[in-house]
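Thanks for coming. I will walk through one protein today, going from the overall layout to a few particular sites. Please have a look at the sequence and the model first.

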Amino acid sequence: MNTSAPLLGEPPPVELMNTIWADRDGVHDALSTEAEAMAWVRAIGPRLAPEHTAPGRQWSDDQRPGDIGKTAGELRVLRDALRRLAAESTRDPRQGWTSPVSRNAAVDAINQACATAPTWSELRWAEDSEPDRCLRSAEPPWGAAVSLLAERAVEMFTSDTRSQLRACLAPGCVLYFVRAHSRREWCSAGCGNRARVARHYQRHHPDNALA
Ligand SMILES: [Zn+2]
C-alpha cells in the first residue's frame, strides 16, 4: 500500500502536517488507519535519518510491526500539534481543518514525542572494512521515527525555516509548505493552477464565488 498523503519534498515535519489533505470530496487523514500510518512511515523513513542505514532497513521490513497501533496514535498527536503551531506561525486564515489541541498542549506533545524513543549513533567498524554509522534506540524503530520527526520539528520551529513556513491559500487546500524561494506562492503546481482559474473566474463573475 502507498501512502495517500501528498509528499511534496518538504521537510519531514511539514510532510507530517500534510497527512491532513483535501480534495473535492473533502478533508482526508492519511494516518487514519494502522496500514496508512505504516505506509507513510515507510515512505518518509529513509529521509528521517539519511546518514543512518539501520532504521531504514527495519522500516522497509515487510513484517507487520507489533507496535504500529501505538505509533499511529503518536504520529496523529504529533501531527495535530505541529499543525497547531504552524497555524499560529503562518497566521493561517483557512477554515478547512482546525487542530483540536491548544497551544500549550501542542508544545507538550512535541516535547513528549522527542522523548518517546531517543536515538543515538553507534559506530560499526570491523577490521579491514569501512566504518558504518548506525542509529540505535532503546525502543523499536517505529517509535524512533516519532522522536526523529519531533526533533526535526523543534529544529524547524527554532530556526529561520519557521519564518518561511506558509499555509497554501489555493481554494480548498489545507497543506503547508516551506517557501524556499521568494516567488513560491503555492504548495504545488496543481494548486497554483487552481488558484489562477479561481482568480480568472472571480474576475469574470464578480458576484459568484467559485465553490
Ligand atoms: Zn496547496
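I start with a term: buried means under 20% relative accessible area, exposed means over 50%, and partly exposed is in between, with a 1.4 Å probe and protein chains only. What you see is a predicted model, where local features need pLDDT of at least 70 and side-chain atom pairs count only at pLDDT 80 or more, while totals for chains, interfaces and linings use all residues. Residues are numbered from 1 along each chain as its sequence is written, and side-chain values use heavy atoms, with hydrogens and water left out.

First, the layout. The protein has 211 residues, and 41% of them count as buried. It contains 8 helices and 6 strands. Helices here are DSSP runs of H or I with at least four residues, strands are runs of E with at least two, and both are numbered from the N terminus. Along the sequence the order is α-β-β-α-α-α-α-β-β-α-α-β-β-α.

How many of the 17 residues of H6 are buried? The count is 13 of the 17, so H6 is largely enclosed by the rest of the structure. For H6 that gives 24 Å, and the end C-alpha atoms are 24 Å apart, which agrees. Helix H4, residues 68–89, has 22 residues and should span 32 Å; its end C-alpha atoms are 31 Å apart, which also agrees. After H4 comes Arg91, with a positive phi near 45 degrees.

Now the charged side chains. Side chains of opposite charge can pair when their charged atoms come close. We call it a salt bridge when a side-chain nitrogen of Lys or Arg is within 4 Å of a carboxyl oxygen of Asp or Glu. This structure holds 11 salt bridges.

One of them joins Glu15 and Arg47, with the closest N and O atoms 3.1 Å apart. Glu15 is buried, at a relative accessible area of 1%, while Arg47 is partly exposed at 30%.

Another salt bridge is between Arg79 and Asp29, at 3.0 Å from N to O. Arg79 belongs to helix H4 and Asp29 to strand E2 (residues 26–29), and they are 50 residues apart. Arg79 also forms a salt bridge with Asp80, where the closest N and O atoms are 2.7 Å apart. Which residues do the shared partners join into one network? They are Asp29, Arg79 and Asp80. Within it, Arg79 is buried with a relative accessible area of 2%, Asp80 is buried at 14%, and Asp29 counts as partly exposed at 22%.

On to the metal. Donors are N, O and S atoms within 2.8 Å of the metal (3.2 Å for Na, K and Ca); water is not among the atoms, so sites may look incomplete. The SG atoms of Cys168, Cys173, Cys187 and Cys191 coordinate the zinc ion at 2.3 to 2.4 Å. What is the geometry of the site? It is tetrahedral, with angles of 105 to 113 degrees among the 4 donor atoms; for four donors the rule is that all angles lie between 85 and 135 degrees. Along the chain the donors have the spacing C-x4-C-x13-C-x3-C. Cys168 is in the loop between strands E5 (165–167) and E6 (176–178), and Cys187 is in the loop between E6 and helix H8 (189–204), so this pair ties together parts that are 19 residues apart in sequence. Cys168 and Cys187 are both buried.

Last, Tyr176, which is in strand E6. Tyr176 counts as buried, at 1% relative accessibility. Arg94 lies over the face of its ring, 4.8 Å from the ring centre. The rule for a charge over a ring is NZ of Lys or CZ of Arg within 6 Å of the centre and within 35 degrees of the ring normal. Tyr176 and Ile20 are 156 residues apart in sequence, yet their C-alpha atoms are 9.9 Å apart in space.

That is my last site.

Note on methods: Four donors count as tetrahedral if all angles lie between 85 and 135 degrees; four count as square planar and six as octahedral if opposite donors are over 155 degrees apart and all others between 65 and 115; anything else is irregular. The expected span of a helix is 1.5 Å times one less than its number of residues.
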